[in-house]
Amino acid sequence: MTVDASRGAEAPPELVQLLTPEGERVEHPAYDIDLSPEEIRALYRDLVLVRRVDMEAVALQRQGELGIWASLLGQEAAQIGSGRALTDADMAFPTYREHGVAWCRGVDPVNLLGLFRGVNHGGWDPADHNFHLYTIVIGSQTLHAVGYAMGIQRDGADAASIVYFGDGATSQGDVNEAFIWASVFNAPVVFFCQNNQWAISEPLEKQSKIPLYRRASGFGFPGVRVDGNDVFACLAVTRQALKNAREGQGPTLIEAFTYRMGAHTTSDDPTRYRVATELEAWKLKDPIERVKAYMFKSQIGDQDFFDAVDAEAADLGRDVRKRCLEMPDPAPLEIFEHVYVEPNAMLAEERDQYAAYLATFEGGE
Amino acid sequence: MSTLTLAKALNDGLRAAMEDDPKVLIMGEDVGKLGGVFRVTDGLYKDFGDSRVIDTPLAESGIIGTAIGLALRGYRPVCEIQFDGFVFPAADQIITQLAKMPLRSLGKLRLPVVVRIPCGGGIGAVEHHSESPEAYFTHTAGLRVVACSNPADAYHMIQQAIRCEDPVIFFEPKRRYWDKAVVDKAAEALPMHRGVVARPGTDVTVLAYGPMVKTCLEAATAAAEEGRSLEVVDLRSLSPLDTDLIFESVRKTGRCVVAHEAPVNSGLGAEIAARVTEACFYNLEAPVLRAGGFSTPYPPSRLEDDYLPDLDRVLDAVDRTFAF
Ligand SMILES: Cc1ncc(C[n+]2csc(CCOP(=O)(O)OP(=O)(O)O)c2C)c(N)n1
Ligand SMILES: [Mg+2]
């Protein structure tokens, strides 16, 4: 057996970073960003508010108000940075964890809860926000995003699509097919992979022997790894990739290197498969703390500002909770709605039979 | 004799199979350190190591496709599909390859692959986590399809499935994973493709499998209080069907209801109804009726109690067989 000399001899992965974990602004030769104090304050507010929504959802699940919840804790910067890079005309395709992107797209947070509460399969109209429904089947949405981008291309529109997926998802056939399609058709799509290091209990090594962003070159388009806990870098890199896509330069794979600080979902118990020290190490790279430190240092935000954001977050949490509890259960006969554009006779008969059956219980039993 | 949950019984069955035969491998997503999201493979990774309990990349087509390759090389892979709704990315490998390869080789190739699928609803899950996809597989010749309903069957049937030389799709009733029962591990197991009369009765035959067996047994208890005697048959094997047992029961009772969670439209109940009608036409007092899911996608979980046929819906079907 011959040894492949090139293996392991590749350059170490490069990480685009504009803000260090300590809150220092750093330069990057290829990516820079000029943000006004106002914009920085807005990003900070986004980060804090989505973390608060997430926290409230976890609490609601613990109290039995949601069946399950997939927390975005630790991934706020990747989602806000990329989400704020989108124009209104761009279209986003999420997994089930993109609560921060949803926020950027103007989806009312309480509408995210319906699916997890079990009252609907997705509580918003994708067209209202250019934000597609959550996709639970791993990887499926990557192909949809590419097809959508092909449509944008045909229409000659000034837009791009972006698709979110995880490190685990990169193993799926659909995702690899999406890479091929995007490349062959030069589709205006950005592949935004949040490498949060885990696919439930499986660490990245179970999915890939090379850094994920390097996969792109084999498919014929650029790949870049960005510090996923750096909201400035995520914004800069995504903005550039979207611009390239809109200008006809085809797809980009962005690997946002981040960490799932919570459990996979509220049903998961990470103590079974990962050590606590890993989380401690990542806490030092917290996506919110570094922005706060930078803002303090550069006097973009003072204590009054931070207090005001915290107060707004507390209000938002209360409001989300209140409206979650008010969400009505769907009526039984809604089961039969929207299966087809118009109900067919067989389905209508089933519905009528079930309505009649339900009526037999009324007032009795 | 030991009292086990259904999940633990499967776990013990897998362990016994792995101890019996070093060629048995466990493959799937999160089956290793985590022990599977339902803990069915709990502890196996620790005791057999990562060469026998394999956390695979996240790709169902890959899991089944490589299991086929391993089987061609003499291994006996037991693949876990994490949830029913995620078997579909593997449908191509299962239907076009796993089911047909033995026949194409004129029987020279054997594919002793087991595909374990937690199935059915009732656990308050989000979409794709409560499906009953059995009819897709019973419709596919070349696959053997079974469903356990209780811990004892789980323990014995999983081992039979692993010993089987054909591919077996093995359905596990996820809302019954935590149900406990006494398991006699030393008892002689019924052959895998035989059904069983779970509760004898005289007035109407109720056919069920997997998660619905318990529901139908409860329905039988309720019916007995009103003086009606239900014979509940646990099919256990969905392909092939134990038609001898089914026909024998229906000839005795003259009435038949099939219950499953899957939509009745083109479901397994339709096949059973057709066969019962052909074989028992002159014994039937009423048409074979079905209690099952609606012809809609599985609803959001707050509506699943409406969607899933419960005790009342089973009894309603029973009542209707007496109305003819
Ligand atoms: C096709 C498919 N297979 C399995 C699952 C079960 N599942 C849900 S999330 C998940 C892990 C996903 O990991 P990753 O892609 O890294 O995303 P993350 O959850 O970490 O954001 C798995 C296996 C699924 N939803 N879809
Ligand atoms: Mg992940």
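1. In this predicted model, chain B contains an open sheet of seven strands with mixed pairing, arranged in the order S3-S2-S4-S5-S7-S6-S12. Strands are DSSP runs of E with at least two residues, helices are runs of H or I with at least four, and both are numbered from the N terminus; two strands count as paired if DSSP finds at least two bridges between them. Strand S3 (53-55) and strand S12 (237-239) of chain B form the edges, each pairing on one side only. On average, neighbouring strands of this sheet are turned by 20 degrees against each other, direction ignored. Axes here are lines fitted to C-alpha atoms, for helices over the stretch in contact, and angles run from 0 to 180 degrees between N-to-C directions.

2. Within this sheet, strand S6 (residues 144-147) and strand S7 (residues 168-173) of chain B run parallel and are joined by four bridges. Ala147(B) stands opposite Phe171(B) in S7(B). Helix H7 (residues 151-163) of chain B packs on the sheet, where it touches strand S2 (24-28), strand S4 (76-80), strand S5 (114-119), S6 and S7 of chain B; contact means heavy atoms within 4.5 Å. The direction of H7 makes about 165 degrees with that of S7(B).

3. Chain B also holds an open sheet of five strands, again with mixed pairing, in the order S9-S11-S10-S13-S14. Its edge strands are S9 (196-199) and S14 (289-293) of chain B, each of which pairs on one side only. Strand S10 (residues 204-208) and strand S11 (residues 230-234) of chain B pair in the parallel sense over five bridges, and Val206(B) stands opposite Val232(B) in S11(B). Helix H12 (residues 311-322) of chain B packs on the sheet and touches S10, S11, strand S13 (256-263) and S14 of chain B, with its direction at about 160 degrees to that of S14(B).

4. Ligand 1 lies between chains A and B. Of the 20 residues around ligand 1, those that come nearest are Tyr96(A), Arg97(A), Ile136(A), Gly168(A) and Glu60(B); a residue is near if one of its heavy atoms lies within 4 Å. The shell comprises ten nonpolar, six polar and four charged residues. In this grouping Ala, Val, Leu, Ile, Met, Phe, Trp, Tyr, Cys and Pro count as nonpolar, Asp, Glu, Lys and Arg as charged, and the others, Gly among them, as polar.

5. An N or O atom in the side chain of Tyr96(A) is 2.6 Å from an oxygen atom of ligand 1. Backbone N or O atoms also approach the ligand: one of Ile136(A) lies 2.8 Å from a nitrogen atom of ligand 1, and one of Ala169(A) lies 2.9 Å from an oxygen atom of ligand 1. The protein covers 95% of the 580 Å² of accessible area that ligand 1 has on its own, by the Shrake-Rupley method with a 1.4 Å probe.

6. Two backbone details deserve mention. The peptide bond from Ser239(B) to Pro240(B) is cis, with omega near 0 degrees; Pro240(B) is placed in the loop between S12 and helix H9 (243-253) of chain B. Gln197(A), a residue other than glycine, has a positive phi near 80 degrees and lies in the loop between strand S3 (189-195) and strand S4 (198-199) of chain A.

7. Residues are numbered from 1 along each chain as its sequence is written, while chains are lettered from A and ligands numbered from 1 in the order in which they are written. Local features need pLDDT of at least 70, side-chain atom pairs count only at pLDDT 80 or more, and totals for chains, interfaces and linings use all residues, with side-chain values based on heavy atoms and with hydrogens and water left out.

Definitions and conventions
Polar contact = N/O pair within 3.5 Å; in protein donor to acceptor, adjacent residues only side chain to side chain.
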